[in-house]
Amino acid sequence: MSVTVILTSHMKPFLRDALASLDAQTRRDFSVVLLDSGAWRGRADERSLAMAQLYRDTRRHFRWRFTNEPPSPPCPVGAVTNAAIRSGLVTGKYVCHFYDDDVYGPQFMERMAGYLDDHPDEMAVWCSQDRARIERSGEFRVFSTITAYGGLGPGQIDNRVDGGQVMYRRSVLDMLGDPWMTEDGASCMHSDGIFLERVASAIGHPIGAVPEILMTHRMTPLSTYSPT
């Protein structure tokens, strides 16, 4: 597969939509490593039962890997991502990070991987993104757009660009070295931004841009879930 998608899941309520957006991609040579906390297993509450059904529905299409993380790790996204890379689960020549309340447009893989195919000297690419809010009432509202532009470099990424907007070459991970993402709880809220700043510094040239809006970052009323 050309692309490995690292999808971290901590029982946000819209994972099914995220997986459906992957299943709808027009370019198919990608694989998904779904890093699931597994907090729902053995539980009988409504959300846990919904997760169990989703697992049964999709486990043949996506590689579910239960991370068995402790109840309150300092930075679960960073810790499970690093563990997946160490375990050799990232096998594609391109890599992207996806999150369980976001959705990709159907041409995300085609346009992003296609850009890297067509620009062999480029190490990473980013796309434009809609930012949306889903209210508790269920109302969906796009409130801003982050527009990709040429010349994106160090100092322009953290707290401005979301991790899901970027695809990079697998060789970048070798350039960065272990640990790849921060596992520090104090900086966990922008762990993807810190990681992308490191990517931009390591590759030594601006990140390429695909100006189309190819993903939607959705801010949801239940960003995390505890079945207790």
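User: In β7, which residue is the bridge partner of Arg133?

Analyst: Arg141 is the bridge partner of Arg133 in β7. Before going further: this is a predicted model, in which local features need pLDDT of at least 70 and side-chain atom pairs count only at pLDDT 80 or more, while totals for chains, interfaces and linings use all residues. Residues are numbered from 1 along each chain as its sequence is written, and side-chain values use heavy atoms, with hydrogens and water left out.

User: What makes β6 and β7 a pair, and in which sense do they run?

Analyst: Strands count as paired if DSSP finds at least two bridges between them. β6 and strand β7 (residues 140-146) have six, in the antiparallel sense, so they meet that definition. The strands themselves are DSSP runs of E, at least two residues long, and helices are runs of H or I, at least four long, numbered from the N terminus. β6 and β7 also form a hairpin, with five residues between them. Gly138, in the turn, has a positive phi of about 100°.

User: Which other strands pair with β6?

Analyst: Strand β8 (residues 166-169) is antiparallel to β6, joined by three bridges, and Tyr168 in β8 is the partner of Ala124. Strand β9 (residues 208-219) is parallel to β6 over nine bridges, with Ile213 in β9 as the partner of Ser128.

User: Why is β6 described as largely enclosed?

Analyst: Buried means under 20% relative accessible area, exposed means over 50%, and partly exposed lies in between (1.4 Å probe, protein chains only). Ten of the eleven residues of β6 (residues 124-134) are buried, so the rest of the structure largely encloses the strand.

User: How many residues of β2 are buried, and which face does each one belong to?

Analyst: Seven of the seven residues of β2 (residues 30-36) are buried. Phe30, Val32, Leu34 and Asp36 are on one side, and Ser31, Val33 and Leu35 are on the other. Both faces are covered.

User: What makes the unit of β2, α2 and β3 right-handed?

Analyst: A crossover is right-handed if, with the strands pointing away from the viewer, the path from the first strand over the helix to the second runs clockwise. The β-α-β unit made by β2, helix α2 (residues 46-58) and β3 is classed as right-handed.

User: Why is the link between Cys75 and Cys188 called a disulfide?

Analyst: The S to S distance is 2.2 Å, and a disulfide is a pair of cysteine sulfur atoms within 2.5 Å, so the pair qualifies. The structure holds one disulfide. With 75° about the S-S bond, the link is right-handed. Cys75 lies in the loop between β3 (63-66) and α3 (76-86) and Cys188 in the loop between α5 (171-176) and α6 (191-203), so the bond ties together parts that are 113 residues apart in sequence. Both ends are below the burial cut-off: Cys75 has 1% relative accessible area, and Cys188 has 16%.

User: Which residues touch the most other members of the largest nonpolar core?

Analyst: They are Leu22, Trp64, Met109 and Met167, in a core of 33 residues. A nonpolar core is a set of buried Ala, Val, Leu, Ile, Met, Phe, Trp, Tyr and Cys residues joined through side-chain atoms within 4.5 Å. Helix α4 (residues 108-118) gives the most to this core, with six residues. Apart from it lies another core, of 32 residues, including Leu35 and Trp126.
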